[in-house]
Amino acid sequence: MAPLPNAELVQNSLQLYRYLLRCCKQLPEENIRQHYRHAVRQSFKVHADEDNPERIQQIIKRAIEDADWVINK
């Protein structure tokens, strides 16, 4: 189960970025939200130059799975 509805609609990096920031809003404590927002921003910057469509889809899939894990832990 995905942490937010419409996870299956995420198709590109900008949609993923917005989706993950919305997921951060579900976290219980402000310091935890800040930590994960920072991690999302850093990861977005690191992968900004990725141009391989298969790799981008792998990153999207893994990021959504990781978000699901974080939200449910």
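Rings of Phe, Tyr and Trp (its six-membered ring) form a pair if their centres lie within 6.5 Å; planes under 30 degrees apart count as stacked, over 60 as edge-to-face and the rest as tilted. By this rule the count comes to one aromatic pair. The model is predicted, so local features need pLDDT of at least 70 and side-chain atom pairs count only at pLDDT 80 or more, while totals for chains, interfaces and linings use all residues. Residues are numbered from 1 along each chain as its sequence is written, and side-chain values use heavy atoms, with hydrogens and water left out.

**First stop: the aromatic pair**

Select Y17 and F44. Their ring centres are 4.7 Å apart and their planes stand at 40 degrees, so the pair is tilted. Y17 belongs to helix α1 and F44 to helix α2, 27 residues apart, and the pair thus links distant parts of the chain. Helices here are DSSP runs (H or I, at least four residues), as strands are (E, at least two), numbered from the N terminus. F44 has a relative accessible area of 32% and is therefore partly exposed; buried means under 20%, exposed over 50%, and partly exposed in between (1.4 Å probe, protein chains only).

**Second stop: the nonpolar core**

Next, select V10, L16, Y19, L20, V40, I60 and I64. Of the 13 residues in the largest nonpolar core, these touch the most other members. α1 and α3 each supply at least two residues of this core, and its largest share, six residues, comes from α1. Such a core is a set of buried Ala, Val, Leu, Ile, Met, Phe, Trp, Tyr and Cys residues joined through side-chain atoms within 4.5 Å.

Select L16, L20, V40, S43 and A63, which lie nearest the centre of the largest pocket among its 25 lining residues. On a 1 Å grid over the protein atoms alone, a pocket is an open set of points with protein on both sides within 12 Å along at least five of seven lines, whereas a cavity is a set where a 1.4 Å probe fits but cannot get out; lining residues have an atom within 4 Å of a point. The volume of the largest pocket is about 560 Å³, taken as the space filled by probe spheres set on the points, which are joined across faces, edges and corners.

Which helices supply at least two residues each of this lining? They are α1 (13-24), α2 (30-46) and α3 (53-72). α3 gives the most, with ten residues. By class, the lining has 18 nonpolar, three polar and four charged residues. Ala, Val, Leu, Ile, Met, Phe, Trp, Tyr, Cys and Pro count as nonpolar, Asp, Glu, Lys and Arg as charged, and the others, Gly among them, as polar.

**Fourth stop: individual residues**

Begin with L14 in helix α1. L14 is partly exposed, at 40% relative accessible area, and its C-alpha lies 9.8 Å from that of A48, 34 residues apart in sequence.

Continue to K61 in helix α3. Is K61 buried or exposed? At 53% relative accessibility, K61 counts as exposed.

**Last stop: the annotated span**

Finally, select residues 14-68, where UniProt places "domain: Complex 1 LYR protein" (unreviewed entry). Over this span the chain is 80% helix and 0% strand, and the end C-alpha atoms are 18 Å apart.

Definitions and conventions. UniProt positions are given in the numbering used here, feature names are shortened, and annotations may be inferred rather than shown by experiment.
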